[in-house]
Amino acid sequence: MSNITLPALPYGYDDLAPHISKETLEFHHDKHHNTYVVNLNNLIKDTDLESKSLEEIIVATAGDASKAGIFNNAAQVWNHTFYWNSMKPNGGGKATGALAAKIEEDFGSFENFAEEFSKAATTQFGSGWAWLVADKVNGKLSIVKTSNADTPLAHNQVAVLTIDVWEHAYYIDFRNARPKYISTFLEHLVNWDYANAKYAGEAAGVEK
């Protein structure tokens, strides 16, 4: 029996308004995200992947063309869960905690980070994601973008923060104005507490 379920949002449906509406969260979480969960459970039913964790499924199927359907749905379940946690009510603004200093160190300034992150999210052609990731060996931060369902987890990178730039993430609230959605994410929504926790959890074990 699969243990893959749809996680609840870490806040109420109205809590990100006026930046992300209740309608967007209902469609994006309850329909899009849930569809990936349902599809994945159907695809792994009665296979050796059925008892695996979501992360184990992603790693096991990454790069295997014969299992692309499983990978795509599994990665989208994981990516979306990470995205929900990357936001919080009254979030955004400059980085906080240890991550603030690390961003200054690796990007020169928070403003440089925000510019590079925005550029990656804006220039991701079609559907995909922009990520702040950390190197597993030295903890160095960098920004990457992934297409469709691709995820840092499949590339041995530590995900710290993400923004979803699939059109369904922002079209109800921002129509085709992706740059406005990205700037709103950075200014009002980023959950730096979560990003700090994700970085610290991995950075504690890196080789300095």
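A: First, a convention: helices (H or I, at least four residues) and strands (E, at least two) are DSSP runs, numbered from the N terminus. This is a predicted model, where local features need pLDDT of at least 70, side-chain atom pairs count only at pLDDT 80 or more, and totals for chains, interfaces and linings use all residues. Residues are numbered from 1 along each chain as its sequence is written, and side-chain values use heavy atoms, with hydrogens and water left out.

Q: Where is Thr5 placed?
A: Thr5 sits in the segment before helix 1.

Q: Is Thr5 buried or exposed?
A: Thr5 is exposed, at 55% relative accessible area. The cut-offs: buried is under 20%, exposed is over 50%, partly exposed is in between (1.4 Å probe, protein chains only).

Q: Switching to charges. How many salt bridges does the structure hold?
A: Eight. The criterion is a side-chain nitrogen of Lys or Arg within 4 Å of a carboxyl oxygen of Asp or Glu.

Q: Which residue forms a salt bridge with Lys22?
A: Glu26 does, and the closest N and O atoms are 4.0 Å apart. Lys22 and Glu26 are four residues apart in helix 1 (residues 22-44), so about one helical turn separates them.

Q: What is the relative accessible area of Lys22?
A: Lys22 has 38%, which means partly exposed. Glu26 is partly exposed too, at 30%.

Q: And which side chain does Lys67 meet?
A: Asp64, in a salt bridge of 3.7 Å, N to O. Lys67 is partly exposed at 31%, and Asp64 counts as partly exposed at 27%.

Q: What about Asp106? Which side chain is its partner?
A: Asp106 meets Lys102 in a salt bridge, 3.4 Å from N to O. Both lie in helix 4, four residues apart, about one turn of the helix.

Q: Is Asp106 buried or exposed?
A: Asp106 is buried, with 17% relative accessible area. Lys102 is buried as well, at 11%. Shared partners tie Lys102, Glu105, Asp106 and Lys140 into one network of salt bridges.

Q: Stay with helix 4. At what angle do the axes of helix 4 and helix 5 cross?
A: Roughly 75°, and the axes of helix 4 (residues 97-107) and helix 5 (residues 110-123) come within 8 Å. That angle makes helix 4 roughly perpendicular to helix 5. Axes are lines fitted to C-alpha atoms, for helices over the stretch in contact, and angles run from 0 to 180 degrees between N-to-C directions. Under 35 degrees is roughly parallel, over 145 roughly antiparallel, 65 to 115 roughly perpendicular, the rest oblique.

Q: Which residues make that contact?
A: From helix 4, Ile103, Glu104 and Phe107; from helix 5, Phe110, Asn112, Phe113 and Glu116. Contact means heavy atoms within 4.5 Å.

Q: How many bridges join strand 1 to strand 2?
A: Seven, linking residues 128-134 of strand 1 to residues 141-147 of strand 2. At one position Ala134 is opposite Leu141, and at another Gly128 is opposite Ser147. Strands 1 and 2 form a hairpin with six residues between them, and Gly139 in the turn has a positive phi of about 80°.

Q: And how many between strand 1 and strand 3?
A: Six bridges, again with the strands antiparallel. Trp131 faces Thr162 across the pairing, and Ala130 stands opposite Ile163.

Q: How many residues of strand 1 are buried?
A: Seven of its seven. One side has Gly128, Ala130, Leu132 and Ala134, the other Trp129, Trp131 and Val133. In a regular strand, side chains alternate between the two faces of the sheet.

Technical notes:
Pairing = 2+ DSSP bridges.
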